[in-house]
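Please read this briefing with the model open beside it. It goes topic by topic.

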Amino acid sequence: AGLADATDSGYDVIIAGTFDMTGYIVELAPEYPDVKFIDFDDTPDFTACECSNILAVQYTTAAAGYLAGYAAAKVSTTGTLATIIGMEFPTVTDFKVGFDQGAKAANPSINILNQVAGTFSDPAKGKEIALAQIAQGADVVFPIAGGTGLGALQAVKESGKLAVGVDSDQALIFKDSDPEQAAVILTSVEKRVGESLYQQLKATIDGSAVYGKGVLLGVADGAVGISKNAYYEKIVPAEVRAEVDKLEADISAGTLVVDSVM
């Protein structure tokens with residue numbers, strides 16, 4: 001109803017996103033041919049809908065995951081990393097595909113534990129999974145699991161291990177409210193939705209945005225990346241940070257191709 005109300009209010013562009021909203025956008029788009037819709041972090045099936053006024057924006061988070069995986073493997077002292085997936089959607093597993101590839105590039109004999117939580121909203125379950133992974137030797141945990149992942153971050157903090165954050169710069173989120181939590185997040189794999197939407201709105205205004213199709217944005221577009229904050233600088237040695245910068249440049253240039261499920 002909220003989306004329908006917004007669409008009916010005379011706006012030129014409506015932005016909504018994730019798999020929860022795509023069905024509603026597809027339903028409304030043909031009824032409002034003069035309104036442009038930007039669907040972020042998901043895409044309709046353009047071959048099966050009247051979607052000429054929809055632009056789908058998706059992200060190759062695998063490329064940024066690669067950089068975080070490389071750094072995580074380099075700082076690990078046990079040689080075991082762990083990932084926790086909320087549910088197995090491509091937009092979620094893409095983080096892990098890249099993370100695993102980057103970790104193996106840094107250390108071919110790295111051991112990567114993984115568990116699917118089956119939920120994005122159960123911190124207690126996330127904590128339980130992370131504690132079990134830490135007991136199996138994991139010293140860097142990467143939760144890709146929404147609210148479930150917050151419990152995993154707590155487990156990491158209480159165990160004195162390290163974590164990789166997801167979606168935004170999670171260390172900065174905790175910086176004031178829980179500095180001990182912030183201090184164990186070595187970097188985060190960022191999906192810079194705001195930056196990408198700004199770019200697409202700019203392109204819509206200048207007429208260069210092409211509706212009726214999807215765009216897949218990555219490192220070169222500034223749409224994904226890793227957090228390079230004070231925590232990253234403190235935890236990740238300078239020579240490893242230099243290697244990560246080189247890998248990032250190679251990904252942007254297209255000379256290093258990261259696997260992706262997107």
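Predicted model: local features only at pLDDT ≥ 70, side-chain atom pairs only at ≥ 80, totals over all residues.

Helices (H or I, at least four residues) and strands (E, at least two) are DSSP runs, numbered from the N terminus.

**Helices α5 and α6**

- Helix α5 covers residues 123-135, and helix α6 covers residues 146-159.
- They pack at an angle of about 45°, with their axes 6 Å apart. Axes are lines fitted to C-alpha atoms, for helices over the stretch in contact, and angles run from 0 to 180 degrees between N-to-C directions.
- That angle makes α5 oblique to α6. Angles under 35 degrees count as roughly parallel, over 145 as roughly antiparallel, 65 to 115 as roughly perpendicular, and the rest as oblique.
- The crossing of α5 and α6 is right-handed. A crossing is right-handed if the near helix is turned clockwise from the far one by less than a right angle, and left-handed if anticlockwise.
- On the α5 side, the contact (heavy atoms within 4.5 Å) uses P123, G126, K127, A130, L131 and I134. Their partners in α6 include G147, T148, G151, A152 and A155.
- The residues of this contact divide into seven nonpolar, six polar and two charged. Ala, Val, Leu, Ile, Met, Phe, Trp, Tyr, Cys and Pro count as nonpolar, Asp, Glu, Lys and Arg as charged, and the others, Gly among them, as polar.
- The 14 residues of α6 should span 20 Å at 1.5 Å a residue, and its end C-alpha atoms are 20 Å apart, which agrees. The expected span is 1.5 Å times one less than the number of residues.
- Buried residues of α6 are T148, G149, G151, A152, L153, A155 and V156. Buried means under 20% relative accessible area, exposed over 50%, and partly exposed in between (1.4 Å probe, protein chains only).

- In α3, 14 of the 15 residues are buried, so the helix is largely enclosed by the rest of the structure.
- α3 packs on helix α4 (residues 90-106) at an angle of about 40°, with axes 6 Å apart. The two helices are therefore oblique to each other.
- Their crossing is right-handed. Among the residues in contact are G65, Y66 and G69 of α3 and F95, G98 and F99 of α4.
- The residues of the contact of α3 with α4 divide into 11 nonpolar, seven polar and two charged.

- Most residues other than glycine have a negative phi.
- D41 has a positive phi, near 65°. D41 lies in the loop between β2 (36-40) and β3 (54-59). D41 is buried, at 16% relative accessible area.
- D167 also has a positive phi, near 75°. D167 is in strand β7 (residues 162-167). At 38% relative accessibility, D167 is partly exposed.

**A249 in helix α11**

- A249 is in helix α11 (residues 238-253). A249 is partly exposed, with a relative accessible area of 44%.
- A249 and A220 are 29 residues apart along the chain, and their C-alpha atoms are separated by 8.5 Å.

Note on methods
Residues numbered from 1 in each chain as written. Heavy atoms only, no water.
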